[in-house]
Amino acid sequence: GLGLRGVSNALRVDIDRAAANLRQLEGLVAHSLNELQRLIADLRPSHLDDLGLPAALRWYANEVQARVPLQIQVEVSGEQQPIEAVMKTTLFRVAQEAVTNVIKHAEAKTVKITLTYNAECVCLRVEDNGRGFDATTARVQRPAWGLLGMEERATLLGGKFKLKSQPGQGTHVEVTIPHQTVLEATSD
């Protein structure tokens, strides 16, 4: 908006400067649209429904690696089973938040995302080799909204959230969600 106001004023004084400003604004709008499309895709990637959680996690890892200097490895173990959409979304969101925290705070070089299918539950682990923090005092000293959000997402589905971190030793986030609780929660 400010840029357009500036162009409006510049048109009266210097048409060449106004044209240059318009070209700059055009580039800014194109970039903003690309970012908006990326954000929308990140909210609920079609890969999640079309190809499943493992593929969506791999896609997300590739997207992040294209933007930041971080190596992300995705491993899947156990026999893949169909899981409820709400469970897929929750696990995907936890992975997103954990990776976002790594990017913002950890100064890590690598992240490992492990998705494990068991007969009774699905477990997602996100581990980094970053600087870590004192997990026992960090949540008391100031609210860590990302950590609270991950814990809340897991708890809403009857799952468990674990956080392990120490200064200089990276961070380990783990969410385990049981199958039957999800089925009960979504059928009510």
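Biologist: What pattern does the protein follow when it is read along the sequence?

Modeller: This is a predicted model, and read along the sequence the protein follows the pattern α-α-α-α-β-α-β-β-α-α-β-β-α. Its secondary structure comes to 8 helices and 5 strands.

Biologist: What makes strand 1 and strand 4 the edges of the sheet?

Modeller: The 5 strands form an open sheet in the order 1-2-3-5-4, with mixed pairing. Strand 1 (71-77) and strand 4 (160-165) each have a single partner strand, so one side of each is left without a neighbour in the sheet, and they stand at its edges. From one strand to the next, the twist averages 10 degrees.

Biologist: How do you know that strand 4 and strand 5 are paired?

Modeller: Two strands pair if at least two bridges are found between them, and 6 bridges join strand 4 to strand 5 (residues 171-178), which run antiparallel. For instance, the bridge partner of Lys 162 is Glu 174 in strand 5. The two strands form a hairpin with 5 residues between them, and in the turn Gly 168 has a positive phi of about 80 degrees.

Biologist: Which helices lie against these strands?

Modeller: Helix 4 (residues 53-67) packs on the sheet, where it touches strand 1, strand 2 (110-117) and strand 3 (121-128), and its direction makes about 175 degrees with that of strand 1. Helix 7 (residues 145-156) lies across strand 4 and strand 5, running at about 150 degrees to strand 4.

Biologist: Why is the pair formed by Tyr 60 and Phe 92 called edge-to-face?

Modeller: A search of the whole structure finds 1 aromatic pair. The centres of the rings of Tyr 60 and Phe 92 are 5.7 Å apart, and the limit for a pair is 6.5 Å. There are 70 degrees between their planes, and planes over 60 degrees apart count as edge-to-face, so the name applies here. The pair also links distant parts of the chain, with Tyr 60 in helix 4 and Phe 92 in helix 5, 32 residues apart.

Biologist: How do you know whether Tyr 60 and Phe 92 are buried or exposed?

Modeller: Buried means under 20% relative accessible area. Tyr 60 has 4% relative accessibility, so it counts as buried, and Phe 92 is buried too, because its relative accessible area is 1%. The buried residues of helix 4 include Leu 53, Trp 59, Tyr 60 and Val 64, while of the 188 residues of the protein, 38% count as buried.

Biologist: How does the span of helix 5 (residues 85-106) compare with the span expected?

Modeller: Helix 5 has 22 residues and reaches 30 Å from its first C-alpha to its last, which is close to the 32 Å expected at 1.5 Å a residue. Helix 4, with 15 residues, reaches 21 Å, close to the 21 Å expected. Just after helix 5, Glu 107 takes a positive phi of about 55 degrees.

Methods: Residues are numbered from 1 along each chain as its sequence is written. This is a predicted model: local features need pLDDT of at least 70, side-chain atom pairs count only at pLDDT 80 or more; totals for chains, interfaces and linings use all residues. Side-chain values use heavy atoms; hydrogens and water are left out. Helices (H or I, at least four residues) and strands (E, at least two) are DSSP runs, numbered from the N terminus. Axes are lines fitted to C-alpha atoms, for helices over the stretch in contact, and angles run from 0 to 180 degrees between N-to-C directions. Contact means heavy atoms within 4.5 Å. Buried means under 20% relative accessible area, exposed over 50%, partly exposed in between (1.4 Å probe, protein chains only). The expected span of a helix is 1.5 Å times one less than its number of residues. Rings of Phe, Tyr and Trp (its six-membered ring) pair if their centres lie within 6.5 Å; planes under 30 degrees apart count as stacked, over 60 as edge-to-face and the rest as tilted.
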